Amino acid sequence: MKKNFYFMSLLIGLFVSAFAFTACSSDDDNDDAGGESKGFVGIWTQNGDDDIFVFNSDGTWVTYEDEECYSKGIKAYFGTWKVTNSTFILLFEGWIDDETGEIEYYNEEPDYYEIIDVSENRVMLKDEWRTWIWTRYKK
């Protein structure tokens, strides 16, 4: 009887251990679920603003204050971005002074936006204050 109890305990322990290791995998955080980040890559204008955002495939971004600054390559803000689950995460890392070229680095928490819609020519995001709409930049 002791031998059967020991064998059953061992068998149950192995089963529970195997289940525990397979239940937790590295893809549980769902970074870029559905490949949504690909829809963000490109050049965008923001509604109600002259800013032009450029989102690169390497997860970096930069803004230009308006079309003239964009055409001259005069950058304003920069940082990194990523998509996790249905959330767009934007980290402002710094600002470039357009007169001196000096960089002021930020130490801020990222901004989180709920992804409402992503299409070829439009992105709609929502934060706690408002809904943001970006359209694909067309010169």
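**Salt bridges, strand pairing and cores in a predicted model**

Glu68 and Lys72 form a salt bridge, with their closest N and O atoms 2.9 Å apart. The model that shows this contact is a predicted one. Both residues belong to helix α2, which spans residues 67-72. They sit 4 residues apart there, so about one helical turn separates them. Glu68 is partly exposed, because its relative accessibility is 49%. Lys72 has a relative accessibility of 57% and therefore counts as exposed.

The whole structure contains 2 salt bridges. Another salt bridge links Asp117 with Arg122. Here the closest N and O atoms are 3.1 Å apart. Asp117 counts as partly exposed, at 27% relative accessibility. Arg122 is also partly exposed, with a value of 30%.

The overall fold comes next. The protein has 2 helices and 9 strands. Along the sequence, these elements follow the order α-β-β-β-α-β-β-β-β-β-β. The protein has 139 residues, and 27% of them count as buried. Its accessible surface is about 9,700 Å². Carbon and sulfur atoms account for 54% of that surface. Contacts were also sorted by separation in sequence. Among those between residues at least 6 apart, 37% join residues at least 24 apart.

The mean pLDDT is 79. A value of 70 or more is reached by 73% of the residues. Over residues 4-30, however, pLDDT stays under 50. For this stretch the model has 5 contacts beyond four places in sequence.

Strands β7, β8 and β9 illustrate the pairing. Strand β7 covers residues 111-118, β8 covers 122-126 and β9 covers 131-136. β7 and β8 pair in the antiparallel sense, over 4 bridges. Within this pair, Val118 stands opposite Val123 of β8. The two strands form a hairpin, with 3 residues between them. β8 also pairs with β9, again in the antiparallel sense, over 5 bridges. Leu125 has Trp132 in β9 as its bridge partner. A hairpin of 4 connecting residues joins β8 to β9.

What lies in the interior? In soluble globular proteins, nonpolar side chains tend to be buried together. In this model, the largest nonpolar core has 15 residues. Phe40, Phe55, Trp81, Phe88, Leu90, Leu125 and Trp134 touch the most other members.

Neighbours within four places in sequence are left aside here. Beyond them, Trp134 is in contact with the aromatic residues Phe40, Trp44, Phe53, Phe55 and Phe88, among others. Its contacts also include Thr45, Gln46 and Asn121. Leu125, like Trp134, is one of the core residues that touch the most other members.

Another core lies apart from the largest one. This core has 8 residues, including Val54, Val62, Phe78 and Tyr137.

Definitions and conventions
Residues are numbered from 1 along each chain as its sequence is written. This is a predicted model: local features need pLDDT of at least 70, side-chain atom pairs count only at pLDDT 80 or more; totals for chains, interfaces and linings use all residues. Side-chain values use heavy atoms; hydrogens and water are left out. Buried means under 20% relative accessible area, exposed over 50%, partly exposed in between (1.4 Å probe, protein chains only). Contact means heavy atoms within 4.5 Å. Accessible areas come from the Shrake-Rupley method with a 1.4 Å probe; for residues, only the protein chains shown count as cover. pLDDT is the predictor's confidence in each residue, from 0 to 100. A nonpolar core is a set of buried Ala, Val, Leu, Ile, Met, Phe, Trp, Tyr and Cys residues joined through side-chain atoms within 4.5 Å. Two strands pair if DSSP finds at least two bridges between them. A salt bridge is a side-chain nitrogen of Lys or Arg within 4 Å of a carboxyl oxygen of Asp or Glu.
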